[in-house]
Amino acid sequence: MAATMTPHGPPLDLTHGRVEMSHGAGGRAMAQLIDQLFAAAFANPLLAQGNDQAVFTPPPGRLALATDTYVIRPRRFPGGDIGSLAVHGTVNDLAMGGAEPLYLTAGFVLEEGLPLGELAAIVKSMAAAASAAGVAIVTGDTKVVEHGHGDGVYINTAGLGVIRDPGLDLSGANARPGDAVLVSGTLGDHGMAVMAEREGLAFDPPLLSDSAPLGGLVAALLAAVPETRTLRDPTRGGLAATLNELAAQSGVGMVLEEAALPIRPGVRGACELLGIEPVNVANEGKLVAIVPAARAEAALAALKAHPLGREAALIGHVTDDAARRVEMVTTLGGRRVIDWLAGEQLPRIC
Amino acid sequence: MSGDATDRFVAPFRDPELGRRLLGAIARAARPGRTYALMEFCGGHTHAIARHGLPDLLPAGVRLIHGPGCPVCVLPVGRLDMALALAARPEVILTTYGDLLRIPASGGDTLFKARSRGADVRMVTSSLDAVALAAAQPDRQVVFMAIGFETTTPPTAVAVKQAEERGLDNFSILSNHVLTPPAIDAILGGSGAPRLDGIIGPAHVSTVIGWGAYQDLAARHQTPMVIAGFEPLDVLQAVHDLIGQVNAGRAEVGNQYARAVSRDGNPAACALVEALFEPRPDFAWRGLGRLPRSGLKLRPAYARFDAEARFELTEPEGREPPGCACGEVLKGATEPADCPLFATRCRPESPVGACMVSAEGACAAAHGHRRAPAAAPA
């Protein structure tokens with residue numbers, strides 16, 4: 001963000017002002033935006049160094065690095081916005097490796113014409129999410145593209161975290177036949193909340209994104225069950241994509257029980273309406289945990305004891321299927337394969 | 001829509017205990033040593049059967065055969081080529097329902113690929129969104145690629161009516177609407193399909209045209225039909241009722257989906273369609289060939305909303321993908337897994353034929369829910 005802490009110019013007009021090309025041009029307007037919006041909201045000692053880089057001494061332990069870019073329409077949705085999502089997504093990628101998040105970078109691509117008031121709200125939400133996740137946004141970048149060349153705002157964040165336990169090994173290659181598969185709560189909340197908002201579909205009660213930082217939940221689980229084999233957050237592609245990834249990585253199969261999958265009635269209804277499977281829908285505040293079968297109950301109890309894991313469930317087990325299939329026993333007792341989505345999720349015609 | 005709607009309208013029709021009882025009744029009704037070849041007409045049935053793993057649960061003699069009731073699957077390549085030609089025109093915004101964007105046309109081109117080349121192709125979830133788009137963009141020509149059986153024709157008719165009332169001169173439709181009874185007639189009339197003992201009849205289509213629309217077909221072809229909903233217990237009950245009719249030597253139209261389907265269907269919707277549309281002399285179906293009076297076009301009074309007239313389009317002779325067995329699969333003559341391209345060159349992420357695209361397509365259903373060993377990753 002390379003900003004000095006001297007305020008530039010008059011206050012930004014957050015009521016009528018809009019992002020202009022000059023906000024990315026490296027001049028006074030850009031410095032004004034950085035000072036008054038970004039630096040003010042993200043304030044922390046490393047950012048206050050005011051240099052092109054944040055300089056720090058890493059704590060003892062292994063470091064973990066993750067990055068993600070956030071492009072979402074609508075930018076605001078029930079339960080969050082692109083700002084909070086840009087923090088949660090990246091800290092959760094760190095958490096899935098057992099890393100405690102330390103620092104984030106934030107890169108913004110702003111579209112000319114974006115109301116400054118909306119940008120301020122996004123930045124504020126991002127700052128609040130970072131603070132709640134215990135992570136500091138220590139450096140950043142702003143670019144402006146011409147009107148019509150972006151969806152208002154794209155955000156990239158990179159996160160640096162530390163794994164303090166030298167013995168912890170949470171690779172996706174660790175699943176073993178017989179292991180238990182758990183999920184930390186209801187499936188499909190984020191994706192269906194966003195889709196309903198985008199399509200103008202109203203539900204009663206409204207669908208809410210589950211976007212949340214999972215560091216605390218992971219810490220609680222690992223404290224109770226340090227033998228946990230692997231953790232992954234089922235974001236894009238949903239549970240189906242995540243389990244297929246893990247099955248491929250570990251060279252195993254999995255069998256799920258359809259009746260055990262926790263799904264909110266509203267999400268189930270929205271999925272029925274749009275012809276979409278809840279297992280293919282994105283989550284932003286859930287994790288999949290694979291643990292040795294003997295530790296399944298302990299893991300479930302630890303998850304349920306945490307506010308973000310109250311609806312956790314044991315949903316299936318790992319098999320020795322050489323074809324690495326993820327299968328599901330349906331509520332009627334039939335069996336079917338749970339596959340990756342082929343491409344974009346498209347509503348059916350009839 | 002309320003969160004508990006699924007508890008009332010969906011959950012009872014997936015009840016495991018009722019399912020076990022129905023399966024027991026089917027097992028008792030099916031006579032040992034004889035087979036019951038039953039075609040589920042609709043892609044919605046195909047999807048439900050695969051999704052709930054029903055084939056595993058039925059007695060060995062009961063064989064479910066996929067029918068042609070998947071709108072994007074039966075659309076011939078020539079019609080897609082017309083849509084691609086329209087999309088290539090700079091003044092056109094081509095709108096359509098989602099599934100269609102991925103269907104391969106001649107040479108493997110798709111509307112998705114056209115979009116990546118710069119064509120303005122947009123997915124809508126309602127035909128009325130296309131009308132709204134035309135109103136908002138008066139300097140562009142908005143074409144709605146209309147597709148589907150009797151279920152989706154009324155919404156297209158409403159869109160045309162709206163465009164007329166709003167005086168829009170930049171909205172038109174490329175009509176690919178087709179009729180169900182001619183397709184059933186062709187299947188039962190020996191279009192190369194296997195001998196069928198019964199048909200699980202359309203759900204949503206029948207809410208519009210009513211179960212009475214099939215009585216003549218069942219009698220003429222001496223084949224029983226049971227209209228069924230798209231939930232697993234609906235399908236199981238239809239299977240049970242069909243076995244009963246076959247055993248008794250009856251060929252009637254039964255209505256399992258009584259909670260939504262009446263004898264006469266939806267007269268208001270039918271009247272609207274009748275007012276705006278007329279049957280074409282014939283229409284090409286993938287797999288079934290050209291069937292007389294099986295497709296709909298706008299009546300001359302609405303010709304200004306007909307994209308074929310407005311842009312002077314003619315249907316080209318489309319090139320079906322070489323080696324693709326979609327045509328045979330659509331009439332139940334071939335199982336998806338018997339197609340040489342199935343799960344090898346033709347996969348959901350890189351479909352060669354239309355049946356691998358839609359969730360209702362027989363090949364996509366067979367692939368997504370398959371039990372056979374997975375093919376090696378490409």
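In this predicted model, strand β9 (residues 253-257) of chain A runs parallel to strand β12 (residues 326-329) of chain A, and four bridges join the two. One of the pairings can be given by residue: V255(A) has E327(A) in β12(A) as its bridge partner. Strands of a sheet pair through backbone hydrogen bonds, in either the parallel or the antiparallel sense.

Both strands belong to an open sheet of seven strands in chain A, with the order β8-β10-β7-β11-β9-β12-β13. The pairing in this sheet is mixed. Its edges are formed by β8 (230-232) and β13 (335-337) of chain A, each of which pairs on one side only. From one strand to the next, the twist averages 25°.

Another parallel pair in chain A consists of strand β4 (residues 100-111) and strand β5 (residues 136-145), with nine bridges between them. Here V109(A) stands opposite K143(A) of β5(A).

The nonpolar cores come next. In soluble globular proteins, nonpolar side chains tend to be buried together. The largest nonpolar core in this model has 102 residues, and the residues with the most contacts inside it are L100(B), L111(B), F171(B), L174(B), Y214(B) and W285(B). Leaving aside residues up to four places away in sequence, L111(B) touches A83(B), L84(B), A87(B), L94(B), T96(B), L100(B), L101(B) and V121(B). Another core, of 37 residues, lies apart from the largest one and includes V19(A), L33(A), I34(A) and A86(A).

Notes. Residues numbered from 1 in each chain as written. Chains lettered and ligands numbered in written order. Predicted model: local features only at pLDDT ≥ 70, side-chain atom pairs only at ≥ 80, totals over all residues. Heavy atoms only, no water. Pairing = 2+ DSSP bridges. Axes fitted to C-alpha atoms, helices over the stretch in contact; angles between N-to-C directions. Core = buried A, V, L, I, M, F, W, Y, C linked by side-chain atoms within 4.5 Å. Buried < 20%, exposed > 50% of the residue type's maximum accessible area, 1.4 Å probe, protein only. Contact = heavy atoms within 4.5 Å.
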